[in-house]
Amino acid sequence: LSLLQRAVPRTTPRLRIAKPLVDERRGRGDKALGGADRRASVAGAFRVRGRTIELPVILVDDVVTTGATMREAAMTLMHAGVQVVAGVAVAGTQFG
């Protein structure tokens, strides 16, 4: 996130970098979990931080394996009335 925060204002001044979600999970590692267990692990894991977000959001994650975390984050934001326009990841893994 800090790399994006440093690079984006110079290249796209109208784009803002923010952390709109709080991850409520405590000490749970998902690396060894299968798809269904990952979905269960992240269910209800996020809450929206602070005030209502009025701008469209692009979710950014470091790695996508099953997509469960990205999906849960998007659903949390959409339930709060946020327009999620895309989800991107820096890397992906081959799962299964």
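1. Among contacts in the protein chain (heavy atoms within 4.5 Å) between residues at least 6 apart in sequence, 68% join residues at least 24 apart. Bear in mind that this is a predicted model: local features need pLDDT of at least 70, side-chain atom pairs count only at pLDDT 80 or more, and totals for chains, interfaces and linings use all residues. Numbering starts from 1 along each chain as its sequence is written, and side-chain values use heavy atoms, with hydrogens and water left out.

2. Now the layout. The protein chain has three helices and four strands, and along the sequence they come in the order α-β-α-β-β-α-β. Helices (H or I, at least four residues) and strands (E, at least two) are DSSP runs, numbered from the N terminus. Of the 96 residues, 23% count as buried; buried means under 20% relative accessible area, exposed over 50%, and partly exposed in between (1.4 Å probe, protein chains only).

3. Take a look at arginine 25, in the loop between β1 (21-23) and α2 (35-42). Arginine 25 counts as buried because its relative accessibility is 19%. Its side chain makes a polar contact of 2.6 Å with the side chain of aspartate 23. For a polar contact, a pair of N or O atoms must lie within 3.5 Å; within protein, one must be able to donate a hydrogen and the other to accept it, and residues adjacent in sequence count only if both atoms are side-chain atoms.

4. Which residues of α2 are buried? They are Gly35, Arg38, Ser41 and Val42. These sit on the same side of α2, because they cover an arc of only 120 degrees around the axis (taken from the directions from the helix axis to the C-beta atoms). The face turned away from that buried side carries the exposed Ala36 and Ala40. Just after α2, glycine 44 has a positive phi of about 70 degrees.

5. What covers the buried residues of α2 includes α3 (68-79). The two helices, α2 and α3, pack at an angle of about 35 degrees, with their axes 9 Å apart. Axes are lines fitted to C-alpha atoms, for helices over the stretch in contact, and angles run from 0 to 180 degrees between N-to-C directions. On the α2 side, the contact is made by Arg38, Arg39 and Val42; on the α3 side, by Ala68, Thr69 and Glu72.
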